[in-house]
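I want to know what they link and how each side chain sits.

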Amino acid sequence: MSTDRGKDIAEASDEHQQPTTPSRYESQKRRDWNTFCQYLKNQRPPVPLPECNCNHVLDFLRYLDQFGKTKVHLQGCTFYGQPEPPAPCTCPLKQAWGSLDALIGRLRAAYEENGGSSETNPFATAAIRVYLREVRDSQAKARGIPYKKKKKKSTSISKGKDESSSSMHIS
């Protein structure tokens, strides 16, 4: 009996576990990667992935704003700085900072999983970190809620707790 046949039988008996079903994160990462690659192909002229740089990533993030659902008040708006405005206004909808931050994290991982090196990763550049910080700060001011960086848990807390689950913040 060949080892491949034995493997096929073992996999067939484990079908109820479905180990090949990607996690929600993996599905999002693949969808985001495909969207970004399609964005590059739709540029005039198309941008080959090896030629992609942080400027293409920044353009992609700005392009995504048109699909955002977060109201970001402009500085001249009477509701600028109000956490709960009493009436609607004409200020634009944009992508929320947290969504962009998570997206960049997924694309950064996908780039390297798809053959890119960490040294040339356009999603990991200082320009992207600066952009995300500016978006975070401007959205916080527009809502009147200053962004406060979460303090790191002290290491004197029992070592049984997983500290890696805290949110990552761009500094």
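**Salt bridges, pair by pair**

A search of the whole structure finds 5 salt bridges. A salt bridge here is a side-chain nitrogen of Lys or Arg within 4 Å of a carboxyl oxygen of Asp or Glu. The model is predicted: local features need pLDDT of at least 70, side-chain atom pairs count only at pLDDT 80 or more, and totals for chains, interfaces and linings use all residues. Residues are numbered from 1 along each chain as its sequence is written, and side-chain values use heavy atoms, with hydrogens and water left out.

Start with Lys29 and Glu113. Their side chains meet in a salt bridge, 2.5 Å from N to O. This pair links distant parts of the chain. Lys29 sits in helix α2 (residues 24-42), Glu113 in helix α4 (residues 97-113), and 84 residues separate them. Helices are DSSP runs (H or I, at least four residues), numbered from the N terminus. The two partners are placed in opposite ways. Lys29 is buried, at 3% relative accessibility. Glu113 is exposed, at 52%. The cut-offs are under 20% relative accessible area for buried, over 50% for exposed, and in between for partly exposed (1.4 Å probe, protein chains only).

Glu26, Lys29 and Glu113 are linked in a network of salt bridges.

Now take Asp32 and Arg106. Their side chains form a salt bridge at 2.4 Å, N to O. Asp32 lies in helix α2 and Arg106 in helix α4, so this pair ties together parts 74 residues apart in sequence. Asp32 is buried, with a relative accessible area of 14%. Arg106 is buried as well, at 12% relative accessibility.

Which residue does Arg62 pair with in a salt bridge? The partner is Asp59, with the closest N and O atoms 3.4 Å apart. Here the link is within one helix. Arg62 and Asp59 are about one helical turn apart, because 3 residues separate them in helix α3 (residues 54-64). Arg62 is partly exposed, with a relative accessible area of 45%. Asp59 is also partly exposed, at 38% relative accessibility.

One backbone feature remains to be pointed out. A cis peptide bond joins Arg44 and Pro45, with omega at about -5 degrees. Pro45 is located in the loop between α2 and α3.

How values were computed
Helices (H or I, at least four residues) and strands (E, at least two) are DSSP runs, numbered from the N terminus.
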